[in-house]
Amino acid sequence: MSELAERPSTAGQRLGAPESFGVSTLEPGLRPPAQPPGRQVSIRVQMLDDTQEVFQISQRAPGKVLFDLVCVHLNLTEGDYFGLEYTDHRKMTVWLDLLKPALKQIRRPKNTILRFVVKFFPPDHTQLMEELTRYLFALQIKRDLACGRLICNDTSAALMVSHIIQSEIGDFDETQSWQHLLHNKYLPDQDAIRDKIIDCHRQHNGQTPAESDYQLLEIARRLEMYGVRLYPAKDREGTKLSLTVAHTGVLVFQGYTKINAFNWSKIRKLSFKRKRFLIKLRADPTQNSHHDTLEFAMASRDCCKVFWKICVEYHAFFRLFEEPKPKPKPILFTRGSSFRFSGRTQKQIIDHMKDSELKKVPFERKHSKVLSSSSMSPRSSSFRSQVPRESATSVPLSDQPDSARLEARANGTEERPAIAPPTNGFPPDSTLNSDTSRQNHNGAGQHLLNPESLEAKDSPHESPRVVANGSGPGDGETGVAGMEDVGPISDGQPLSPLTSPLLIEAGYVRNDDEEEARRKKFPTDKAYFIAKELLTTERTYLKDLQVITEFFQKAAGKDEAFPDAVKNLISSHYEPVYRFHRAFLKETEQRLAQWEGRSNAHIKGDYQRIGDVLLKNVQGLRQLTVHLQKHSECLVELERACRSSRKVEALCRDLEQQRVCYLPLYIFFLRPLHRLLHYKLILERLCKHYPPTHEDFRDSRAALAEISETALQLQGIMMKMENFQKLLELKKDLTGIENLVLPGRVGLFYLFFFIILWRDVTFLADVFVSDLQEFIRLGCLSKLSGKGLQQRMFFLFSDCLMYTSRGMTPSNQFKIHGQLPLYGMTIRESEEEWGVPHSFTLFGQRQSIVVAASCAAEMERWVEDIRMAIDLAEQGSGPNADLLSTSPPESKPLEDVGAEPESEEELCGSRSSLERQSQRGNTTVHVCWHRNTSVSMVDFSIAVENQLSGNLLRKFKNSNGWQKLWVVFTNFSLFFYKSHQDEYPLASLPLLGYAVTVPAESENIHKDYVFKLHFKSHVYYFRSESEYTFERWMEVIRSATCSASRPLLSSRKDLY
């Protein structure tokens, strides 16, 4: 190791620029705190000088371990005056509890930045023994002034700012002082008192930075708002007040004026009950008064609890002689809170500092370029020359305050433009290992480094560091960089439907140069990429057919209870389709290989076309029409067998839980009909691209005419199967309903659209069967009740509106709460009436409810669909007395009535299969519940045509490398495979609620054809191989994220 590793780092080296030195009483090189065993997690902490550091703590480490790491990192002895605060998931600022595990408090450590700030403000700054402590307090005062928290008059504000400037740039120089004030903001209304600040600065000549800090704290401690954090509250009369806590007790403010104070000696007890904060005062013996209780109403119970905790800590810190002992654990049950103050009290800190031998160690002031009057040893001067330049974590000089630029020019250390900046997170002088180093583009200063980079002394770009267990480079230890919190997916664990796709980090393949070279060899014609889309989607389609022809048939063959008639029916009508498409895929692969020049066959003539292959196979598809027409019968007979036998139902359910069945089972039965639409859309794009004179145009146009005729012929069957499949899927997600699915019938909803859009009355004889519930829309709405707004899942059918809540069943099914018949229903927007945004009232014949949507667009979709469904219901045969009948959970389902009694073994097998159904969480219903959105049957129909497969390069937000994956988009989700040959996906990402955009320039994604998926804090980047594939991925993903916003009628017209 170099001299850099042999010398301990000081607090100043971590606080900023090395031009000014002060004094600390703590010797450097202290041992980091011991940590419990476990995986290391990276935590970002923002210091008072606005730099950020990354600390590695154990997954089970309490908050005290992280706090001690920060104090050791700063060489800070009087650290108990400080604390770590953060913004939790409720958007509330809370303090890190030192006794509880840190990761149980910080829900999302990767996206949370903790702030190291002053927690306890002593009444007298002379009680602070270390110059470093007073410097950190001065930084806190500077921050409070800038954000407007420390309110004072103009004279005090100008005087405090003048002391800050004196500590940063030294003695008064008119030009320099004016420039410094122009480029630095110390007060919200600084310009109004700039002259006062300059006049005050003139009077501080000869004052050292340490003296300036002392004077700054002397002025600040006399202010009424010194160390005050206001918590909004109301008194019993409803007057708006603010509560705060100080070393003296609890204070009451009205605006920024203190109107009352309750000394600790007068307070008997502090407590809270729900939203009420209670102060119980001691009785005054002079007035013979009884105990008095003051009550304040706060925004929520959480606000009360946060304020109560800080009051308990302030009281213990300033009033107790030593840290309170933990309460003994109760034998039976607890009463009250177990929260207590953790750390040394102020008296313990002062006693420790008095008894300790003060050893002065230099530290640096970030913004100051003035040397302190403290004596500097020769060793101290050597520290300056060895402080590593953290160019990767520092702000460029052009973006820094004026003082930093003047300082850099004066010392000859200003960055030269000769060194190229890092590109896409990689420094030009590659001392970083691209496989292990990570860069966070969002947080300044969070980097993980390769240990080898510590030895690269002469590198023009020094590597940023991670403080691993408190051991930075200065401690003589080099810890391995922490990997991103990504682990392998075990076979036994179900994939969460709402989490990001988690793949093993070791699977990263960073082959950008190879990919670029390979890409340049391939054709660039748009027709080639259209043909390649045909190939990639055909591969996925054939895998989907294998679920039926291979896995389903294999499972059915092993079960003697499965009816042979149903098994033979499915086999006879799906096997020919599978064999045909297997040959079609082989022929397509050969043509693409010839097109790319990878084939060994010596073929003469022009093979850079695909229309002739499509025409030949589309004509072959016409011979399979008789099989495609029987697919609806296969689906109906399979459902009938499931209703007749619990063993068959359990077999299908078990197959659906296998990883190869990545979608609901019945969707695979619809794939052959859906594939016809895909061929039609591919041929439409091909004909649109080709000019009429192109040699492939005639074949492509003929193939388009053939497939359009076949698709139109089978369109009615597809519509019936889509609705039937959706009802079957909803049946599994709902509990307490009996007659949701009546197979073999299509209802008025689709019939209405077909007649309106196609004007084809002949279709009436084929599909008209009345009185079947048609699914229209499902999604989340808030129902207004006596308890307030409650989240409910609504299901809109052609004859009724049903609302449910998620039950506690093993499969998280939704329990029905009520149904409203649509016949005679009226709807009225009622936002002004109830004061609830985006609300509307549904007036039924027997019941009326008020519901609210999450946004205006969501409300518009629901209102439009409900009004249309009401019109359809009234155009029907009148009110339907037979609504969807419900039954209590204990009652026997209707389909089991009349079935033969089954053995106890069969019943046990069915129950165990139901328990395994808990993996059923990736359905659209559950995603809509968690994402608070909705989808309609129109959206499902549009999603059918927008299916896509292919290779993409994926990149996480906090990583540098790109991983090549086979990605399948279907059913509003992305499914990730290592290659197209894999039988099942590694992970999935539901896209409902996500937004797809192009990365901004600030995100440093310097690659072509990259799109970005983001939902809240989840961000993923995907890179395609060409402009055509980029546009196609953007188009199909937008259909999943934005399709619900399309007008209903135009969507159906576009679909057919």
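1. A friendly start with the surface: the accessible surface of the protein chain comes to about 48300 Å², and 50% of this belongs to carbon and sulfur atoms. Accessible areas here come from the Shrake-Rupley method with a 1.4 Å probe, and for residues only the protein chains shown count as cover. Please keep in mind that this is a predicted model, in which local features need pLDDT of at least 70 and side-chain atom pairs count only at pLDDT 80 or more, while totals for chains, interfaces and linings use all residues. Residues are numbered from 1 along each chain as its sequence is written, and side-chain values use heavy atoms, with hydrogens and water left out.

2. On the overall make-up, the protein chain has 32 helices and 31 strands (DSSP runs numbered from the N terminus: H or I of at least four residues for helices, E of at least two for strands). Of the 1056 residues in the protein chain, 54% are buried (under 20% relative accessible area; exposed is over 50%, partly exposed in between; 1.4 Å probe, protein chains only). Taking contacts (heavy atoms within 4.5 Å) between residues at least 6 apart in sequence, 67% join residues at least 24 apart.

3. Next, a helix pair: the axes of α6 (residues 154–169) and α7 (residues 174–183) come within 11 Å and cross at roughly 110° (axes are lines fitted to C-alpha atoms, for helices over the stretch in contact, with angles from 0 to 180 degrees between N-to-C directions). The two helices are therefore roughly perpendicular to each other (65 to 115 degrees; under 35 is roughly parallel, over 145 roughly antiparallel, the rest oblique). Val161, Ile165, Glu168 and Ile169 of α6 make the contact with Gln176, Ser177, His180 and Leu181 of α7.

4. Do have a look at α17 (residues 611–621), a mostly covered helix with eight of its eleven residues buried. Val613, Leu614 and Leu615 are among the buried ones. The buried residues of α17 pack against α15 (526–558), α16 (564–596), α18 (625–628), α21 (665–689) and α22 (697–713).

5. Finally, histidine 125 sits in the loop between β5 (113–118) and α5 (131–147). Histidine 125 is buried, at a relative accessible area of 2%. Leaving aside neighbours within four places in sequence, histidine 125 contacts Arg134, Tyr214, Leu217, Glu218 and Arg221.
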